[in-house]
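Hi everyone, thanks for making time.

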Amino acid sequence: MSVLLLVLSALVLIYFSIGGKTAAIVMSVATLVGVANDGWHLLSFVIGGLLLALALLITLPGDLRLDKFSRPLLGWVRSRLPKLSPTEQEALNSGSVDWDGELFSGKPEWNKLLDAAPAHLTSEEQAFLDGPVEELCKMLDDWQITHEHYDLPDKVWKFIRDKGFFGLVIPKEDGGLGFSNTAHSEIVMKISTRSVSAAVTVMVPNSLGPGELLMHYGTDDQKHHYLPRLAKGKEIPCFALTSPVAGSDAGAIPDKGIVCKGEWNGKEVLGLKVTWNKRYITLAPVATLIGLAIKVYDPEKLLGGNDDIGVTCVMVPRETDGVNAGARHLPMNTVFMNGPTWGTEVFIPMEQVIGGQDMLGKGWKMLLECLSIGRSISLPALGTGAGKLASLATGSYAYTREQFGRTISQFEGVQEALEPIAGYTYMMDAARLLTAGMLDRGVRPSVPSAVLKYRNTDLMREVINHAMDVVAGRGVITGPRNFLARAYQAVPIGITVEGANILTRSLMIFGQGAIRCHPFIVEEIEAAGMEDEDKAAKQFDGIFYRHLAHTTRNALRAFVLGLSKGWLETAPRQGDIQKYYRQLGRFSAAFALMTDVTLLTVGGGLKARQRLSGRMADCLVQLYYATAVIKQWHEEGYPDDQRDLVEWCLQTCLHDLQDSMRDAIINFPVPALRWPLRLLVFPLGATGLNGPDDKLGAKVAATIVNDTPVRQRISRGTFINMDPDDPLGRVLNAYNLANETAEMRQRLHEAIRNRDEDELDGIALLMGHQRKELVDWACAQGIIKADECPKMEEALTALYDVIRVDAFDADGLKALAKGAKGKRKVVERPAKG
């Protein structure tokens, strides 16, 4: 009993983070009481002595502990910590830590999440969405853009320039609109529901590019000259990072600039002779100002420093001699301007270095800072927009499409596909808004931006694939009627660009987050890297024992919360979702423990353990998205009609989190630690988190089928067009008519089912396009009242029109191949009436 008392005393002290002299006093008393109570038994004495020694170690005089313990430990830790390259070190130092740090801590402070200022729009921003954005969307015909013009029409380019779409985030004093990051996200998202090509055209100048870099790092002269021109579209920017042999790895790019003297505007000045070969560069074919990431060298020591200066961001005007651009790539049948750019020994003065000569060699950090913004907004907004479009269109189509006398939305197989469309879209939107809110608070979310880019584009793929399954043949036939084709074709673009998802998941999210967001690792790496041994040992001494207590506490929390199934964790009462808070707290502790164990045992080998890194990334993704859903529901006042969606999202995240954690443990690269980790994280086994059941899944599927406020909430921010001749408008118009005539059509179906074949008066032989005959028969039989007949015929015409697809004759297909408008027809008989 005395041994148990001693161990429990130590565990309680660690669990509640009680340290220092208080811990030493408590352990001294516990040791004396326990040993005396047990008759000075040797075992009690040894265990008590060890625990007391540990407590005393932490409270020893600084010099004694430093010399006897901390210095030797520092040498061992140096051998375990990952070795960082210069570009990795810059990545580590870039950006800032926000809610992601709480998830890595093992004990998230929920009030920090709930009390953080949310994403919001000003009245001016909302007016822009309701005005110019709405007007732009009405001007866009995606079929014409992608199959006839292979470009945005001239009037659209002009409208984008005139209304300031290229200067959304440029400050008003520099000629821009000065909008928030949330507004930027909402604008790109809405446009993307109409045309991916137009959305990309708008988003690129406002995210990663010369404009963003100039705003943060440009000289006053550069800002005064370029920002007003960029805001008004007088300059079209692009930014070129990706090289054929190096991808987007700035540390490996071969593109270079040699410091030299040359002539610029009739004068000899100091500058760079730049050689580059870039590809996949959005807006490059039309750009007038080309931003480049290059490596700068000074072999003649004209600057008096090192030969190798490092990654640098420069601007090259298109009209400069030697610049080549204008050829185009065609990314998966989307036609936003994208292509290669190259040049050989093109001279530019130092004034074309972004930030001027003082920013030579600092380009990688500049890019990382801006990437955390662009990757948090652009592609996540596209992914969310695709989800909202799929939810609105597919839910409507499932309701209007009938088979066997029933709407297909009533089939469980179809509901199984509608369910993740609705749930994942809500999840994507919540994560998008959480991260946009961070940006508007001034956070540079380097880790969340990677999480968001990876997961939203991945969920976009999931959602669009499910939507195609529901729409089936209606979705695979290319033509002006198809409302899903472009989103489906654009999926690989989002997956690939701005850091391919394989790279982002397996290397960046956890590899960077484990260090960047850890409460102690960054300082320990700094201490290990110090050349002054005394300073290094002192800094390490001030950190390591707190780190040790942190790891032990999280191990205890993971074990205790696993045993209690989370019930010992405190949780906010808002929303009546305490059980989810408790599970998230439990897995945050387990995630923090796994992070420490991974860094301790794998260390610098983590880059080679990409399966482990990917699974840990998946754990962080699920924690982040679950908490984003909670935050969004909180900001909307916990509306009860969203509860099913919220619970579906939380149950899905926790189920996937459990699976990822389990996979990480059973495949942990140090086999001897697998069993102890399973015991600590899953003391009762990896059970109990089974994900949403069928009953909840059916309710979530219904949220995008039934005409309710929650359906409007899911699709909020989508461009709505009710024109029956529009791809989306055709489906929405039919959906509205189907709702209006639901009771009438039910009467008709019942009448047909309940009559004998010889009494049908030939009605069973009518084809689907013979709607007038069917309505006339129903009126004659008194099934439908005379004043209902016009509406009924209108509804049946719309419902039939929804399932019709496009067909092209041979000449039409040849014309399309040449970029001209081809003759088109539908495969079914023309509608009568």
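I'll talk about one serine, then salt bridges, then cysteines.

Before we start, please keep in mind that this is a predicted model.

Okay, the serine. Find helix α15, which covers residues 363-400, and look for Ser391 in it. Is Ser391 buried or exposed? Its relative accessible area is 1%, and because the cut-off for buried is under 20%, Ser391 counts as buried. What does its side chain reach? The answer is the backbone oxygen of Gly387, at 2.8 Å. And if we set aside the neighbours within four places in sequence, Ser391 is in contact with Ile421, Ala422, Thr425, Ile704 and Ile714.

Next up, salt bridges. How many are there? The count comes to 33. I'll show you three of them.

Start with Arg481 and Asp801, where the closest N and O atoms are 3.0 Å apart.

Now go to Glu636 and Arg716, whose side chains meet in a salt bridge at 3.5 Å, N to O. Here again distant parts of the chain are linked, 80 residues apart. Glu636 sits in the loop between α24 (610-635) and α25 (643-666), and Arg716 sits in the loop between α28 (709-714) and α29 (727-740). As for accessibility, Glu636 is partly exposed at 24%, and Arg716 is partly exposed at 41%.

Those two also belong to a network. Which residues does it link through salt bridges? They are Glu186, Lys388, Asp429, Arg432, Glu636, Arg713 and Arg716.

Arg643 and Glu647 both lie in α25, four residues apart, or about one turn of the helix. Their side chains form a salt bridge, 3.4 Å from N to O. Arg643 is partly exposed, with a relative accessible area of 22%, whereas Glu647, at 17%, is buried. Why do they get those labels? Well, buried means under 20%, so Glu647 at 17% is buried and Arg643 at 22% is partly exposed.

Last topic: the cysteines. The structure holds one disulfide. Which cysteines does it join? It joins Cys779 to Cys789, with the sulfurs 1.8 Å apart. The pair is described as linking distant parts of the chain, at 10 residues apart: Cys779 is in helix α31, residues 771-780, and Cys789 is in helix α32. Is this disulfide left-handed or right-handed? The torsion about the S-S bond is about -115°, so the disulfide is left-handed. Cys779 counts as partly exposed at 25%, and Cys789 counts as buried at 11%.

Cys649 is buried, at 0% relative accessibility.

How values were computed
Residues are numbered from 1 along each chain as its sequence is written. This is a predicted model: local features need pLDDT of at least 70, side-chain atom pairs count only at pLDDT 80 or more; totals for chains, interfaces and linings use all residues. Side-chain values use heavy atoms; hydrogens and water are left out. Helices (H or I, at least four residues) and strands (E, at least two) are DSSP runs, numbered from the N terminus. Buried means under 20% relative accessible area, exposed over 50%, partly exposed in between (1.4 Å probe, protein chains only). A polar contact is a pair of N or O atoms within 3.5 Å; within protein, one must be able to donate a hydrogen and the other to accept it, and residues adjacent in sequence count only if both atoms are side-chain atoms. Contact means heavy atoms within 4.5 Å. A salt bridge is a side-chain nitrogen of Lys or Arg within 4 Å of a carboxyl oxygen of Asp or Glu. A disulfide is a pair of cysteine sulfur atoms within 2.5 Å.
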